[in-house]
Amino acid sequence: MKEENIDKLNSLFSNLRTEEQKLKESQEKQKSEEDLFIEGFKTLCKNLIDPKMQEFKRMLKQNGYGCKITMNEESKNGTGMNSQPNIKLQISRNVESNFYTNNKFPHIMFTADKYYKKIGVHLDTIFQNGTGTAAMKEQTYSLENLDEESIEKEIVDSIEKILMNK
């Protein structure tokens, strides 16, 4: 083979390896950023969201409502659907409700979308009577702008909507 063809192929192979390496590095960086976002969300849950939900849980229980707070990791089901990491405050009209046999209670849920690096709020006002709504709120937050005041406002507004749904 001619020297110029060998050089041409070697240059091509080198460029292809460089492109593959760049792609691999880009994917690793993206994964790393996603992991950092999820870790930030977990810290936010532990330090701000869960303590605030605990305050509301105590007040709701004192007034005759059942409550359950759950923190869920990201998961995939059998069909490959992803469930985003989230923390949820569920509410029942009965302080003695069994949240383990029936998981369909109204709730406010903060969810972490690692791809967009946003925190969303899901509000479900549907009691077992089947009336109400369930949807993501339009407002989203970043890790930096979801503060204690915003968390409290979201929870208060959601509890009001849940309890006013007869």
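Me: How far is the sulfur of Cys-67 from the closest cysteine sulfur, and in which residue does that sulfur lie?

Reply: A disulfide is a covalent bond between the sulfur atoms of two cysteines. Here the model is a predicted one, and the closest cysteine sulfur to that of Cys-67 belongs to Cys-45, 17 Å away, which is too far for a bond. A pair would have to lie within 2.5 Å to count. The number of disulfides is therefore zero, given that cut-off.

Me: Are Cys-45 and Cys-67 buried or exposed?

Reply: Cys-45 is buried, at 2% relative accessibility. Cys-67 is buried too, with a relative accessible area of 6%.

Me: How confident is the predictor in the protein chain?

Reply: The mean pLDDT of the protein chain is 87, and 92% of the residues reach at least 70. Taken by element, the mean is lowest in strand 2 (residues 75-76), at 74, and highest in strand 6, at 96.

Me: Which residues of the largest nonpolar core touch the most other members?

Reply: In soluble globular proteins, nonpolar side chains tend to be buried together. In this model the largest nonpolar core has 27 residues, and those that touch the most other members are Ile-49, Met-53, Leu-89, Phe-110, Ile-119, Leu-146 and Ile-155. Two or more core residues come from each of these elements: helix 1 (3-62), strand 1 (66-72), strand 4 (86-92), strand 5 (107-113), strand 6 (118-124) and helix 2 (148-164). Helix 1 gives the largest share of this core, nine residues.

Me: How many aromatic pairs does the structure hold?

Reply: A pair of aromatic rings is described by the distance of the centres and the angle of the planes. In this structure there are zero aromatic pairs to describe in that way. A ring can also be read against a charge, and here Arg-93 lies over the face of Phe-127, 3.6 Å from the ring centre.

Me: How many salt bridges are there, and which residues are linked with Lys-52 in a network?

Reply: The structure has eight salt bridges. Lys-52 is linked with Glu-55, Glu-148 and Glu-152 in a network of them.

Me: How far apart are the N and O atoms in the salt bridge of Lys-52 and Glu-55, and where do the two residues lie?

Reply: The N to O distance between these two side chains is 3.4 Å. Lys-52 and Glu-55 are both in helix 1, and because they are three residues apart, about one helical turn separates them. Lys-52 is buried, at 5% relative accessibility, whereas Glu-55 is partly exposed, at 39%.

Me: What is the phi of Lys-117, and where does Lys-117 lie?

Reply: Most residues other than glycine have a negative phi, and most peptide bonds are trans. In Lys-117 phi is near 55 degrees, a positive value in a residue other than glycine. Lys-117 is located in the loop between strand 5 and strand 6. Its relative accessible area is 28%, which means that Lys-117 is partly exposed.

Me: How far apart are Asp-50 and Glu-34, in sequence and in space?

Reply: Separation along the chain and separation in space are read side by side. Asp-50 and Glu-34 are 16 residues apart in sequence, and their C-alpha atoms are 22 Å apart. Asp-50 is in helix 1 and is partly exposed, at 25% relative accessibility.

Key:
Residues are numbered from 1 along each chain as its sequence is written. This is a predicted model: local features need pLDDT of at least 70, side-chain atom pairs count only at pLDDT 80 or more; totals for chains, interfaces and linings use all residues. Side-chain values use heavy atoms; hydrogens and water are left out. A nonpolar core is a set of buried Ala, Val, Leu, Ile, Met, Phe, Trp, Tyr and Cys residues joined through side-chain atoms within 4.5 Å. Buried means under 20% relative accessible area, exposed over 50%, partly exposed in between (1.4 Å probe, protein chains only). Helices (H or I, at least four residues) and strands (E, at least two) are DSSP runs, numbered from the N terminus. pLDDT is the predictor's confidence in each residue, from 0 to 100. Rings of Phe, Tyr and Trp (its six-membered ring) pair if their centres lie within 6.5 Å; planes under 30 degrees apart count as stacked, over 60 as edge-to-face and the rest as tilted. A charge sits over a ring if NZ of Lys or CZ of Arg is within 6 Å of the ring centre and within 35 degrees of the ring normal. A salt bridge is a side-chain nitrogen of Lys or Arg within 4 Å of a carboxyl oxygen of Asp or Glu.
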